[in-house]
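Open the model in a viewer and keep the selection panel at hand.

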Amino acid sequence: MSLASPKFTRPSLSHSTSDLTHDAVPLQHIDEPTVPSAQLSIKNVTKVFQGKQDLFSKLSRKTSRDFTAIEDITLDIEPNTFVSIIGPSGCGKSTLLNMIAGLSDISSGEIFLNNQPIKGPGPDRGMVFQNYALMPWMSVEENIRFAVETVYPKMPPKQLTRIIKENIQLVGLTGAEKKHPHELSGGMRQRVGIARALAINPQILLMDEPFGALDALTRGFLQSEVERIWEQQRKTVIMITHSIEEALLLSDRIVMMTKGPAAQVNEILEVPFPRPRNRETIDQHPAYHSLKTEMERHLFRETQAVEAARIR
Amino acid sequence: MAFKGTTNDMTLSNASLNKLKVSDSSQSPWLNENVKAAGLFLFSLALFLGAWELAANMNWLTKGMPTASKTIEELWWWSTNPFFDNGPNDLGIGWNLLISLRRVAIGYTLASLIAVPLGIVIGISPIAYKAFNPYIQLLKPVSPLAWLPLGLYIFRDSELTGVFIILISSIWPTLTNTAFGVANVSPEYLDVSKTLGASKLRTIFKIIIPAALPNIVSGLRISMGISWLVIVAAEMLLGTGLGYFIWNEWNNLYIPNILVAIFIIGLVGLILDSVFAAFEKFVAFGRQS
């Protein structure tokens, strides 16, 4: 029902031009009560990894207890926002992302994408993997082609070729189409990973520590590239990260998680910096340092708790 | 085309590696590792042949052992007259080689046609893996020759028995390697496939098989090596082929020809293995298998 709203946003065109320019603003306000603003809605989600207590495990002395990775997380993500999830190591960030991707089962609670519960993996969510996950036997072009062909099997060849070309161009890899992953640097490989995820035109882009395997210089460079690409496409992005600077540069909102087990959302920070953002000038914004300090303090406290728990 | 580029790059990087080493270790470009190795090879060969020649001439060896020069002379004669046919006990070594190769080709191809698809099925299904593993583990270590009487009894035909022996002994490495490769495809590749919503068949043909290909090819390579080992042994009890050639020369008590056959068997094995080594490199794409 709520999805019928586009009809309301396009009123009869017989209005004068002056009316039309004003239409957009009030109509969005009318929309709000009918269409929930969240594109992705995480409701009371818990993930428990079942331990092994069966007889066979006991005989082979490989029993393990149940492990609650994350507990009762509720989170709404609005369309066209860049959201980072940050937290200490082992807090279940990647588990949460895998559940959104549909790669991992949800123990309890539900995740909705455009009001539809997520039941498994699907091409409405594009995934960028930490270790790129490119097929070594496929060239740059073939890796992207595989993705697009899988999602759109009936796409005419011309359109297919155009989409591949556009996305290679978008990530700045024109000229390297025929190269295989082992001939590329880590940064270039992740560009392919991003191009592959974007080429299928997903509603949401999921990034699991996309720059985690890169050296510091390449990482900075690629972060700026992602910022540039995001300005062009404004896709909803959920990114897992360890880096405070990275989160501040790219995100509209930063979700800070507590330590695991049974990790929860601790706090959500709004990042008010204007876009397009520039890594050299971003720290001149008055809110930059207070945000950074707050995140540092949070991460430090949680990491300390993790370490303390390990000693005990 | 793209593949060609890759191999070229590989040779390039090898060449530059050697250059680096040269500039490291010595000033002269003529004294790099490869040149030194070739020198040592030639030196040791000359030493071996010289010692052999001397020992044979001085009658230090068993009575009837030929000299090195006599053996090389025979080698030259057999390799310049490979194709003559004076009946089954006087057949050119070229014919015998082709007969052996033909048996290997048939048995090995049949074995591969069974082993690769079966290995894929076993690798994909953990249940099949566990269910069939006992057969494989039990039959794999059986000596190929143990099958020979059984083959002769069942087929009552030496040709078919030869092929059967090759099949039954060369099936295992390909089967186990294929199953291992398929079962151990990086979960990341499968995650990519899942997030794209790829069908099971598409995942198998576009992801799992190419990902397991380095393992499959190294399995095929080991199987080929085994086939070549087995055929010579099996042919001693069959009627023709290189193995029979050796057996026949043993009955003639003419040792030079046995040595010639050993050399040719080794050389052909080396060539077959190199072909598969090249094929392995071709499907690796920077991966180590």
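Select residues 93-101 of chain A, which form helix H4. Seven of its nine residues are buried, so H4(A) is largely enclosed by the rest of the structure. Buried here means under 20% relative accessible area, exposed over 50% and partly exposed in between, with a 1.4 Å probe and protein chains only. Helices (H or I, at least four residues) and strands (E, at least two) are DSSP runs numbered from the N terminus. Show side chains for the buried set: Lys93(A), Thr95(A), Leu96(A), Leu97(A), Met99(A), Ile100(A) and Ala101(A). Then step to Gly102(A), which follows H4(A) and has a positive phi, near 90°.

The model is predicted: local features need pLDDT of at least 70 and side-chain atom pairs count only at pLDDT 80 or more, while totals for chains, interfaces and linings use all residues. Residues are numbered from 1 along each chain as its sequence is written, chains are lettered from A and ligands numbered from 1 in the order written, and side-chain values use heavy atoms, leaving out hydrogens and water.

Next, select chain B and colour by secondary structure. There are 11 helices and zero strands in chain B. Of its 289 residues, 39% count as buried. Where contacts (heavy atoms within 4.5 Å) in chain B link residues at least 6 apart in sequence, 67% join residues at least 24 apart. The accessible surface of chain B (Shrake-Rupley method, 1.4 Å probe) is about 16500 Å², with 71% belonging to carbon and sulfur atoms.

Now display the contact between the chains, which takes 21 residues from chain B and 25 residues from chain A. Together the chains bury about 2100 Å², 72% of it on carbon and sulfur atoms; buried area is the accessible area (1.4 Å probe) that two parts lose on being put together, summed over both. Pick out Thr195(B), Leu196(B) and Phe285(B): they supply 32% of the area that chain B buries against chain A, more than any other three residues.

Which residue forms a salt bridge with Arg202(B)? Select Glu149(A): its closest N and O atoms to those of Arg202(B) are 3.7 Å apart. A salt bridge requires a side-chain nitrogen of Lys or Arg within 4 Å of a carboxyl oxygen of Asp or Glu, and the count between chain B and chain A is one.

Finally, select H1 (2-25), H8 (187-195) and H9 (200-235) of chain B, the elements that give two or more residues to the side touching chain A. H8(B) gives the most, with six residues.
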